[in-house]
Amino acid sequence: MADPKGFMSTPREEYPRRPVEERVRDWNEVYVPGALLPIIGRQADRCMDCGVPFCHEACPLGNLIPEWNDLVSRDDWRAASDRLHATNNFPEFTGRLCPAPCEAGCVLAINQPAVTIKNVEVAIADRAWADGFTPPSPPERLSGRTVAVVGSGPTGLAAAQQLTRAGHTVAVYERADRIGGLLRYGIPAFKMEKRHLDRRLEQMRAEGTKFRTSTTIGRDLTASELRMRYDAVVLATGATAWRELDVTGRELSGIHQAMEYLPFADRVCEGDLEVSPLSAAGKHVVIVGGGDTGADCLGTAVREGAASVTQLDIYPQPEEERDHDVEPWPTYPKIYRLSAAHEEARDLETAPAAHADARLFAASTLHFTGDARGRVRSLHLVEVDAGRRPVPGSGRTLPADLVLLALGFSGPDRHDGLIDQLGLALDPRGTITRDAGFATNVPRVYAAGDAARGQSLIVWAIAEGRAVAAAVDRALTGISSLPAPIGPFDRPMTA
Ligand SMILES: Cc1cc2nc3c(=O)[nH]c(=O)nc-3n(C[C@H](O)[C@H](O)[C@H](O)COP(=O)(O)OP(=O)(O)OC[C@H]3O[C@@H](n4cnc5c(N)ncnc54)[C@H](O)[C@@H]3O)c2cc1C
Ligand code: SF4
């Protein structure tokens with residue numbers, strides 16, 4: 001800690017966002033390029049280098065946060081990069097996308113704004129790339145063992161990088177035409193530009209990881225063929241089976257799942273399409289679901305030029321401040337948060353009625369009505385109380401030409417036959433069952449990430465990938481020095 005009184009003299013200052021009117025005209029990240037570095041040293045100086053750093057405990061990766069805060073405040077970027085990469089394969093992803101449970105757990109957050117840990121992380125990661133501190137790190141010797149990783153999201157990529165660096169020959173199989181899982185198709189470019197993903201993939205290729213795209217395991221290659229070819233198989237297939245909304249009118253055209261809608265926008269950014277076939281341009285859009293996926297639909301619809309956008313959340317509007325009795329520090333509280341997309345909706349006044357940031361809370365969808373051609377035209381809703389009972393007289397109708405369902409995901413997709421071909425045991429939620437060593441009920445087959453944990457976060461996915469790699473390495477060689485930051489049954493800190 002270069003300045004022991006930094007937290008008293010320096011107020012929290014975050015990475016500034018570009019003006020709303022400017023950023024909604026493009027798909028680039030919302031931040032002002034170059035604006036972070038000049039402020040980040042003083043921000044890192046706010047860290048108190050706590051004897052018991054709760055930030056570190058709150059992060060599933062066990063990131064060495066006080067250490068890299070100290071190194072940044074001392075301007076030692078190379079050492080900061082080394083410490084950062086010691087626990088995280090892809091800090092440029094988490095530094096952009098993580099909701100930062102570490103900041104909720106920061107000791108400063110007990111009575112003042114937390115250290116801007118996520119901003120420090122992304123500053124180090126970007127500086128490391130700019131200054132060449134992250135060259136490929138191929139293994140010195142090959143083990144002669146082979147591993148197939150199925151799925152190329154953050155779990156599969158972290159597992160593949162760890163196993164490749166440990167000397168195993170690793171091939172990543174992906175059913176999509178590009179590598180990246182939800183980082184590629186799903187998470188919008190305005191949250192993380194795809195060039196960050198491409199740069200990591202280049203590094204991984206140079207280290208020796210092989211990538212096989214447009215290959216669905218279960219269809220293009222059977223599960224048993226894969227088991228025969230490889231010494232171990234890691235399933236990192238995600239939890240992409242979406243939840244449905246069973247109400248009258250669901251069959252009308254113009255009602256789509258968020259994950260049918262979002263990937264088209266990514267394809268426009270990739271240059272595959274000129275315009276999304278589901279573009280919101282000129283349409284009245286209603287997003288059903290108040291979570292982050294819904295917010296991603298909101299930011300996308302705003303950029304596509306929607307006539308209006310409303311996001312429905314069945315939960316009541318959260319409080320601005322943490323309720324210390326219900327969700328005490330250092331847990332991650334459910335409080336009112338204004339994402340970049342909500343800020344855009346608020347400033348552009350895109351909601352048809354006066355909902356400051358496009359969100360309508362405590363709103364439950366009753367049914368849809370359409371026109372003579374079977375196209376959705378309206379969404380009918382009612383306000384609900386805390387017990388989700390309709391509030392009498394609260395019914396209302398919203399214009400809706402495009403409805404996006406963002407209701408979460410129930411578990412791994414079963415359409416490709418992989419789960420049934422292997423005879424994998426599933427838990428009651430539909431996710432893949434594994435033991436304390438990440439092993440499924442099928443010999444030499446391991447499961448990690450959302451496919452086994454259920455819908456989660458990038459930071460957990462990377463932690464899962466690192467941990468399953470350690471388990472596989474140990475099974476293949478009898479011993480492993482790879483770190484295992486979490487066990488399969490670890491969960492986020494709650495009260
Ligand atoms: C729209 C959206 C936005 C999100 N935003 C954030 C965010 O901002 N921050 C955050 O922390 N988390 C976010 N999340 C959650 C986060 O993206 C996931 O928790 C994370 O991607 C899970 O990683 P994974 O590798 O386990 O699975 P995924 O990223 O889902 O990757 C699984 C991959 O497996 C492939 N696959 C599946 N079956 C097969 C098969 N049979 N053969 C070959 N390939 C197969 C899939 O095509 C996919 O590419 C978001 C989720 C969504 C849906
Ligand atoms: S809890 Fe906050 S102040 Fe303490 S070491 Fe972590 S980042 Fe620094």
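The model is predicted: local features need pLDDT of at least 70 and side-chain atom pairs count only at pLDDT 80 or more, while totals for chains, interfaces and linings use all residues. Residues are numbered from 1 along each chain as its sequence is written, and chains are lettered from A and ligands numbered from 1 in the order in which they are written.

Strand β15 covers residues 445-447 and runs parallel to β4, joined to it by 3 bridges. Two strands pair if DSSP finds at least two bridges between them. Strand β1, residues 146-150, also runs parallel to β4, with 4 bridges between these two. In that pairing V149 stands opposite V234.

Strand β4 itself comprises residues 232-235. A232 and V234 point one way from it, V233 and L235 point the other way, and all are buried. Buried means that 20 or more other C-beta atoms, placed from the backbone, lie within 10 Å of the residue's own; exposed means 12 or fewer, and partly exposed is in between.

Helix α3 spans residues 37-44, and its buried residues are I40, Q43 and A44. Viewed down the helix axis, these residues fall within an arc of 90 degrees, so they line one face of α3; the arc is that of the directions from the helix axis to the C-beta atoms. They pack against α5 and α9, the latter being residues 117-130. Contact requires C-beta atoms, placed from the backbone, within 7 Å.

The protein as a whole has 18 helices and 15 strands. Its radius of gyration is 23 Å, close to the 23 Å that the globule rule gives for 495 residues, so it is as compact as a globular protein of that length. Buried residues make up 45% of the 495.

Technical notes
The radius of gyration is taken over C-alpha atoms; the globule rule is 2.2 Å times the number of residues to the power 0.38. Two residues are in contact if their C-beta atoms, placed from the backbone, lie within 7 Å.
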